[in-house]
Amino acid sequence: MPLQVQSYFHAATSTWSHLISNGDGTPAAIIDPVLDFDPASGRVSAESAQAILAAVHAHKLRVDWILETHAHADHLSAADWLKRRLAEDGVSARVGIGAGIVAVQQHWKAVFGLGDEFAIDGSDFDHLIADGEALPLGELRIEALSTPGHTSDGMSYHVEDAVFVGDTLFSPSAGTGRCDFPGGDAATQYRSIQRLYALPAQTRLFLCHDYPPRDAEPREMVDLVEQRSGNAQLRRDTAEADYVALRTARDATLPQPRLLYPSLQVNIRAGRLPPPEAAGGRYLRIPLSGDSA
Ligand SMILES: [Fe+2]
């Protein structure tokens, strides 16, 4: 049975999540699941993750891993919600992320003014993944490829002929992920993408986002050959200095993501919402800045 990939598009944040397995009744992994969040009302819900869970049940999959390609800045992760639902089925899925999350936690702990109750050793996650590590998945094997640059914890996951690239690369017309977040670096991302471009020519790249033009369908996958020769910002023959100049100039024009603060506050905790405060409610913080703060 060839690798099975089912992809789910979250339109509100233009995010792709992926469910991979070796067919019905086999171990499975969920990559980058999204928790629905409305910042105006504070409402958190799980319709999107519920669709993935329904497929897990329908195909009798045993989810061994819930993997994050990085700590996302534009959507909340549903990793913890899925882990808790799966535990009710007697399935213990492990939430994994690149070991670079520790530096990300350290940075954002200070930004949000979190206290000692928030550990910055990655222990909120079940497993910190190292470059080159092989994660078992039944008869499949997921090889972790460290691909920092967009963030310092960027990790791509290579299974059979597929690689899940996170925000290193978007579709060819959209280019590459921005590199101006804390821990981001365009030269580092250049080397990460060249590492992906060196994979075998028949490799399929599964995306974490797509931002299609109006009336076009989002793409969940791009062939490596198309990406290497046609990416608008970084082709295989693009010089590092040219890419760094282009990426840096582009990043200077980009607004802060709408869900930056809510996303990071949840995603550095492996998808857990902040713990309840004395009155019982859960709250997100927004650090204030500017001349009048
Ligand atoms: Fe991202």
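Residues are numbered from 1 along each chain as its sequence is written, and side-chain values use heavy atoms, with hydrogens and water left out. Because the model is predicted, local features need pLDDT of at least 70 and side-chain atom pairs count only at pLDDT 80 or more, while totals for chains, interfaces and linings use all residues.

**Iron site**

The iron ion has His-70 (NE2), His-150 (NE2) and Asp-167 (OD) as its protein donors, at 2.0 to 2.4 Å. Donors are N, O and S atoms within 2.8 Å of the metal (3.2 Å for Na, K and Ca); water is not among the atoms, so sites may look incomplete. Along the sequence the donor residues follow the spacing H-x79-H-x16-D. Helices (H or I, at least four residues) and strands (E, at least two) are DSSP runs, numbered from the N terminus. Both His-150 and Asp-167 are buried, where buried means under 20% relative accessible area, exposed over 50% and partly exposed in between (1.4 Å probe, protein chains only).

**Pockets**

A pocket is an open set of points on a 1 Å grid over the protein atoms alone, where a 1.4 Å probe fits, with protein on both sides within 12 Å along at least five of seven lines; lining residues have an atom within 4 Å of a point. The volume is the space filled by probe spheres set on the points, which are joined across faces, edges and corners. For residue classes, Ala, Val, Leu, Ile, Met, Phe, Trp, Tyr, Cys and Pro count as nonpolar, Asp, Glu, Lys and Arg as charged, and the others, Gly among them, as polar.

| Pocket | Volume | Lining | Classes |
|---|---|---|---|
| Largest pocket | About 550 Å³ | 27 residues | 11 nonpolar, 10 polar, six charged |
| Second largest pocket | About 220 Å³ | 15 residues | 12 nonpolar, one polar, two charged |

Asp-74, Phe-170, Arg-178, Tyr-211 and Pro-257 lie nearest the centre of the largest pocket. In the second largest pocket, that place is taken by Phe-37, Pro-39, Pro-262, Tyr-283 and Leu-284. Helix H7 (residues 260-267) gives the most to the lining of the second largest pocket, with three residues.

**Leu-259**

Leu-259 lies in the loop between helix H6 (240-251) and H7. Its relative accessible area is 4%, so Leu-259 is buried. Not counting residues up to four places away in sequence, Leu-259 touches Thr-13, Phe-37, Pro-39, Ala-73 and Asp-74; contact means heavy atoms within 4.5 Å.

**Aromatic pairs**

The structure holds six aromatic pairs. Rings of Phe, Tyr and Trp (its six-membered ring) pair if their centres lie within 6.5 Å; planes under 30 degrees apart count as stacked, over 60 as edge-to-face and the rest as tilted. Phe-9 and Trp-16 form a tilted pair, 4.9 Å centre to centre with 50° between the planes. Phe-9 is partly exposed at 30% relative accessible area, whereas Trp-16 is buried at 7%.

Phe-170 and Tyr-211 form an edge-to-face pair because their planes stand at 80°, with ring centres 5.5 Å apart. This pair links distant parts of the chain: Phe-170 is in the loop between E13 and H4, and Tyr-211 in the loop between strand E14 (204-206) and strand E15 (221-223), 41 residues apart. Phe-170 is buried at 9%, while Tyr-211 is partly exposed at 41%.
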